Amino acid sequence: MSPTESTTANHTKAVSPAPKSSGSGGGWKDFVAGSIAGAAQVAVGHPLDTVKVRMQIEGAGVFKGPMDCLLKTIRNEGFLGLYKGMASPLVGISAVNSLLFWAYSYGKALQTGSATATPTLSQIAIAGAGAGVVNSILASPVELLKVRLQTQYNTAAGGKTVFRGPVPLAKYLVQQFGFRGIMWGFWATVAREIPAYAAFYAGFEYTKRRFAQSLTDGDASKLGVVPLMLSGSVGGVSYWTASYPLDVIKSRVQNSAAPPKGPGYIAAAARDIAREQGIKGFFRGYTPSVIRSIPAAGVTFVSYELVMRALNAGQ
């Protein structure tokens with residue numbers, strides 16, 4: 001981004017410094033800030049995530065739309081039904097976000113040669129895509145447990161076992177399928193995370209830099225909570241817009257009867273969705289995902305940025 005210019009009283013132009021990069025180039029501070037940001041994200045966004053996953057998994061005749069899904073879940077399972085599967089992401093996404101923000105900061109530093117240099121938006125997107133790949137190592141099992149718990153209902157149907165939490169479910173999957181039982185859908189997760197996090201970070205950084213140019217003479221470190229929240233919300237909407245069909249495929253794969261085999265399972269799942277529901281099937285649950293992402297991604301970035309500022313204070 002080009003430096004911001006401001007006109008002084010004597011009409012000379014002074015160049016304000018380019019905004020410093022958030023993060024510590026892949027240091028321990030990114031782990032701490034990412035962990036806190038992940039917990040905040042889950043606390044704010046999990047109920048609508050449950051609606052999103054159920055819309056993706058169930059056929060078109062089960063729910064008329066997101067509001068119908070929300071109301072039926074509350075009516076049949078109580079308000080806490082919206083928090084099914086929360087234990088897995090609450091613990092897991094804290095770890096996932098720690099790894100994600102660390103890998104993202106490290107990816108920026110690799111490209112710019114410095115933890116404090118300002119990367120271009122292209123470099124931001126590349127770092128985000130790379131972080132998505134690394135992130136998948138933890139995100140895939142966390143998402144697997146979350147999806148399978150979210151699509152359980154209060155009573156067993158068709159002889160299915162109802163699991164009371166992520167630990168019993170994880171034990172069962174390992175006993176039944178071995179290591180691949182817990183890494184079920186890993187490559188589908190990777191396929192989603194690459195475009196998702198490229199757009200996530202690029203959307204956030206672009207908007208944050210525009211706010212900085214308008215409000216703080218280009219100094220992003222002086223932005224308040226509201227512009228950071230709005231920037232994060234743009235990142236969240238960008239995330240789902242770039243990756244939603246791939247997320248539908250991932251959810252379908254991770255909720256199937258057995259772990260997929262062979263490299264072609266992503267394409268096979270896509271064909272099944274297209275045959276059963278048409279193009280609309282790839283966007284079932286998109287609306288609650290986007291609505292959820294506005295506060296959830298906003299809180300994620302606000303938490304990360306403010307924690308990083310506190311950790312970097314005095315340096």
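Which helices each supply at least two residues of the lining of the largest cavity? They are α1 (28-57), α3 (87-112), α4, α7 (186-215), α8 and α10 (286-312).

## Basis

This is a predicted model, in which local features need pLDDT of at least 70 and side-chain atom pairs count only at pLDDT 80 or more, while totals for chains, interfaces and linings use all residues. Residues are numbered from 1 along each chain as its sequence is written, and side-chain values use heavy atoms, with hydrogens and water left out.

## Cavities

The model has three cavities of 30 Å³ or more. A cavity is a set of points on a 1 Å grid over the protein atoms alone, where a 1.4 Å probe fits but cannot get out. The largest cavity holds about 370 Å³ of space; a volume is the space filled by probe spheres set on the points.

Its lining counts 27 residues, each with an atom within 4 Å of a point. Closest to the centre are Gln41, Tyr197, Tyr239, Trp240 and Arg292. By class, the lining has 13 nonpolar, seven polar and seven charged residues. Here Ala, Val, Leu, Ile, Met, Phe, Trp, Tyr, Cys and Pro count as nonpolar, Asp, Glu, Lys and Arg as charged, and the others, Gly among them, as polar.

## α4 against α8

Helices are DSSP runs (H or I, at least four residues), numbered from the N terminus. Helix α4 (residues 121-150) packs on helix α8 (residues 225-254) at about 70°, with the axes 9 Å apart. That makes α4 roughly perpendicular to α8 (65 to 115 degrees). Axes are lines fitted to C-alpha atoms over the stretch in contact, and angles run from 0 to 180 degrees between N-to-C directions.

From α4, the contact (heavy atoms within 4.5 Å) uses Ser140, Glu143, Leu144, Val147 and Arg148. From α8 come Lys250, Ser251 and Gln254. The contact residues divide into two nonpolar, three polar and three charged.

## α8 against α9

The axes of α8 and helix α9 (residues 265-277) come within 9 Å and cross at roughly 100°. Thus α8 is roughly perpendicular to α9.

Val248, Ile249, Arg252 and Val253 of α8 take part. They meet Tyr265, Ile266, Ala269, Ala270, Asp272, Ile273, Glu276 and Gln277 of α9. This contact has eight nonpolar, one polar and three charged residues.

## Aspartate 217

Aspartate 217 lies in the loop between α7 and α8. Its phi is positive, about 55°, although it is not a glycine. Aspartate 217 counts as partly exposed because its relative accessibility is 49% (between 20% and 50%, 1.4 Å probe, protein chains only).

How values were computed
Angles under 35 degrees count as roughly parallel, over 145 as roughly antiparallel, 65 to 115 as roughly perpendicular and the rest as oblique. On a 1 Å grid over the protein atoms alone, a cavity is a set of points where a 1.4 Å probe fits but cannot get out, and a pocket is an open set with protein on both sides within 12 Å along at least five of seven lines; lining residues have an atom within 4 Å of a point.
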